[in-house]
Amino acid sequence: MNPYLPREAEIVGRTEESPNTFTLELRLTDGQPYDFAPGQFNMLYLYGSGEVPISIVADAEDSGVLTHTVRALGRVTNGMAALKVGERIGLRGPYGRGWPMREAQDHDVIVVTGGLGCAPSVSIIHHILTHRERYGHLSILQGVKHTDDLIWRSQYDLWAKMPDVQVLLAADVAEPGWHGHVGLVTALFDHLQFEPSRSIAMLCGPEMMMRASAEGLHNRGLAAEEIFLSMERNMQCAVGHCGHCQMGGQFVCKDGPVFSWPEVRELLGVRGF
Amino acid sequence: MLQPCAKGRQLRYPESRDKDPVRVTMQDSNFLPRQALQTLLDTLRGQGFRTLGPRVQDGAIQYLDLVDAGQLPSGLHDEQSPGCYRLSSGESSRCFTWAIGPQALKPHLFSARETLWHSARDASGGISFSDAAIGQQPMAVIGVRACDIAALELQDRHFLDGIRDPAYAARRQDLFVVAVHCSHPAGTCFCASTGDGPGATRGFDLALSELDEGYLVDVGSERGLSVARQLPLQAATADQRRQAEREIADAANRQERGLPSRNLREALFGQLEHRRWDEVAERCLSCGNCTSVCPTCFCHAEQEVPELGGNTSQHIREWDSCFSEGHSYLHGFIVRPETRHRYRQWLTHKLGSWHEQYGRSGCVGCGRCITWCPVGIDITQEASAICTDEGLPGDSA
């Protein structure tokens, strides 16, 4: 069994989220079952170009469709941006340790994301909304550099109208008419209603944003062990062999990408690691 | 019942009533005359092994195909110092009077470049994937050093524990290891300090101690035993045994370098802003020679090689180095842009975070990174300077 071998997938849907961000809906053509946990990722392969690690946004409730939101930044992702519905790509996975959804049961859940960090976190929200009775209050905090970078606006609006869900948005630079906060996402903590003893936080975004968020929530009484982060590093094999994703002793691809804060605190945001 | 000793030369063979009709007992008959080394090669080849051993190529000792014992580097010595490797001729009739060449077994198991899989695109745009063929004749390697066996064990853990790497596993499965205990450490060696040599204590099928007149043979596995039974072994004298033990002990005592401690995890990560990182970065060329010759470095990059026709493509991997810019590339930015970050990554990983990952240091004391560094950076000096907070070169503990 070759653990590096992709499977063929067909693009069955494509959405332009922003000028450089797109979502691909994929269906494996071999018909074999595929299970994943929120927070895991796949390696997506563009024929003749290479592989990239992309988080799994969500599946559409047993329809067998895997959703990946991708920002076109490098050679492979720029190539993927040109793919159309009906075209084929390669996919292998799922990989890594996902979000602590079991530990989060009976807790209030705080999801703090920055930029495209919202993509690996949407699966948390979907999971909680699908199993609403298992979880307490849900707070969703999302920060972006510019309001133009904010994708899924209608989705946030929808979530904000749900019972027991709080949505707080922040942008460093805001367009006219912006009703959210102007500034860092961490400033939203002042508007966050939560009881530290029964809460759990899940963070995803730029490392400095996650560090500041972890410290901010910890200072407001949340235990360090109740704070989880999804890390990002160069990943090429996704099974802990190629060595690129190491952060100290952690292989982000297989030990993570989701870590508890104490597991990565020593090197989080330290330049060069 | 005669059995191979579980820990090689430490246990040797148990006293036996010898119901087994075996000609060989390692208690009294484990001397292989020098001219009979060819029989070992022939026996291994007769069992289907491709035999490799140390030979001189490009001015260095390398593990190459070896069918004739006459191809061994008889009488050669290696002179190694920071940034320097030279072979020189001596008078000895021995074949293993050198320490190590630039490469351990690593390239023979973890190939420097190989195909992982193929993809093909048909006229309708469908993509199919197929395994790369792993055709591999079982290998037997003669003359493996204790430090390189320790490195092999670490690579085994990396590539075989958990998800198995198919290419590595295929080559490793049938590997037959003939160790030769080291009696001629180089100036850059420090295996005694890491506990990995100079004598091999495990991880071999056969282990040889070289004497002027021949070899003492230790058996480390069932396979080793079956090969040893084919050899014209003679009774070894007590003097020969003492001589073999003494040469290993002397080889340990002659080593001048050493690491301050076998576990530098806390010491190194407690000194992430030490001025020595900046200082060594002034000397380091970030060339990656150290990671190329390191027998435990496992990093590799994956790459796509499309065929010109456009209908097929190969997905390959090749050795990568944490000293390269691309190693830490992350969507448009470099995690380790400066040499000081890269040297710090290498050293804190090799001597520090390896303990978290594999329960021991990633350094086996072979000293290759010192010898093959173009500017002669010495890992033992850097580690000592950083961990003991003494900034001066040369004060290794």
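In chain A, 7 strands form an open sheet of mixed pairing, in the order E11-E10-E9-E8-E12-E13-E16. Strands are DSSP runs of E with at least two residues, helices are runs of H or I with at least four, and both are numbered from the N terminus. Two strands pair if DSSP finds at least two bridges between them. The model is predicted: local features need pLDDT of at least 70, side-chain atom pairs count only at pLDDT 80 or more, and totals for chains, interfaces and linings use all residues. Residues are numbered from 1 along each chain as its sequence is written, while chains are lettered from A and ligands numbered from 1 in the order in which they are written.

Strand E11 (181-182) and strand E16 (258-260) of chain A are the edge strands, each pairing on one side only. E16(A) runs antiparallel to strand E13 (227-230) of chain A, and 3 bridges join them. A:Ser230 has A:Val258 of E16(A) as its bridge partner.

Helix H4 (207-219) of chain A lies across E8, E9, E12 and E13 of chain A, at about 175 degrees to E13(A). Angles run from 0 to 180 degrees between N-to-C directions, with axes fitted to C-alpha atoms, for helices over the stretch in contact. Residues are in contact if their C-beta atoms, placed from the backbone, lie within 7 Å.

Chain B is divided into domain 1 (8-253) and domain 2 (265-387), with bounds from an automatic or database domain assignment. Their centres, taken over C-alpha atoms, are 26 Å apart. The contact takes 38 residues from domain 1 of chain B and 32 residues from domain 2 of chain B.

Notes:
Contact = placed C-beta atoms within 7 Å.
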